[in-house]
Amino acid sequence: MFFSISHALERKRKELNQMSANAPLTSEETLHHSKQLDHFINHYQHQKKSNLNVDGSIEGSTFILKLKGQLDLNTTELFTDYIETMKHKFKKVSELSIDLGELHFFDTSGIHSLIVLLIEARDHNISINEINTTKTSFEVLNLMGMPDILHKMNCGTIKPN
């Protein structure tokens with residue numbers, strides 16, 4: 001599935017229009033869709049300003065990876081470069097914990113880089129302890145089929161905070 005900002009923006013706009021036709025403009029669901037649309041509009045307008053902060057640490061036998069910002073076409077190379085520089089530490093760990101709680105945006109290239117990381121971890125016999133994310137990000141990942149992909153790869157589960 002191809003996920004682009006413009007496609008998501010248009011889909012959210014249509015959802016909001018449908019929602020507002022069937023529910024009051026002040027309903028929780030309409031407000032939720034409106035906030036998501038605002039997020040996509042804001043990101044669409046500032047998409048050239050993507051940034052990503054990657055922080056990794058080892059606690060015991062667990063490699064903890066925290067992503068903050070946007071994981072998209074503009075920042076994926078930064079993420080994959082970071083993983084390449086950390087591969088030598090994979091021999092020292094048996095579990096991977098990924099925190100996406102402060103990841104505000106991702107696209108298919110970002111999802112692809114996460115899947116590559118999960119495959120790399122699996123190939124090094126590293127179990128995926130957990131993948132934490134926000135409720136909104138979880139909804140998008142769920143829509144994209146990530147929980148099913150992780151289950152088929154035997155690579156852990158995604159949990160919204």
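The lining of the largest cavity divides into eight nonpolar, no polar and no charged residues. Nonpolar here covers Ala, Val, Leu, Ile, Met, Phe, Trp, Tyr, Cys and Pro; Asp, Glu, Lys and Arg count as charged, and the others, Gly among them, as polar. The model is predicted: local features need pLDDT of at least 70, side-chain atom pairs count only at pLDDT 80 or more, and totals for chains, interfaces and linings use all residues. Numbering starts from 1 along each chain as its sequence is written, and side-chain values use heavy atoms, without hydrogens and water.

The lining residues are Ile98, Leu100, Leu114, Leu118, Ile131, Leu141, Met146 and Ile158. Strand 3 (95-106) and helix 4 are the elements that give two or more residues to this lining. The volume is about 50 Å³. A search of the whole structure finds one cavity of 30 Å³ or more. (A cavity is a set of points on a 1 Å grid over the protein atoms alone where a 1.4 Å probe fits but cannot get out; lining residues have an atom within 4 Å of a point.)

Axes are lines fitted to C-alpha atoms over the stretch in contact, with angles from 0 to 180 degrees between N-to-C directions.

| Pair | Angle | Axes |
|---|---|---|
| Helix 4 (residues 108-123) and helix 6 (residues 146-153) | about 15° | 11 Å apart |
| Helix 3 (residues 76-86) and helix 4 | roughly 10° | within 9 Å |

Helix 3 is therefore roughly parallel to helix 4, a term for angles under 35 degrees. Their contact (heavy atoms within 4.5 Å) joins Thr76, Phe79, Thr80 and Ile83 of helix 3 to Ser109, Gly110, Ser113, Leu114 and Leu117 of helix 4. By class, that contact has four nonpolar, five polar and no charged residues.

Helix 4 packs against helix 6 through Ile111, Ile115, Leu118, Ile119 and Arg122, which meet Met146, Ile149, Leu150 and Met153. This contact holds eight nonpolar, no polar and one charged residues.

Notes
Helix = DSSP H or I, 4+ residues; strand = E, 2+ residues; numbered from the N terminus. 1 Å grid on protein atoms, 1.4 Å probe; cavity = no way out; pocket = protein on both sides within 12 Å on 5 of 7 lines; lining within 4 Å. Points joined across faces, edges and corners; volume = space filled by probe spheres on them. Parallel < 35°, antiparallel > 145°, perpendicular 65-115°, else oblique.
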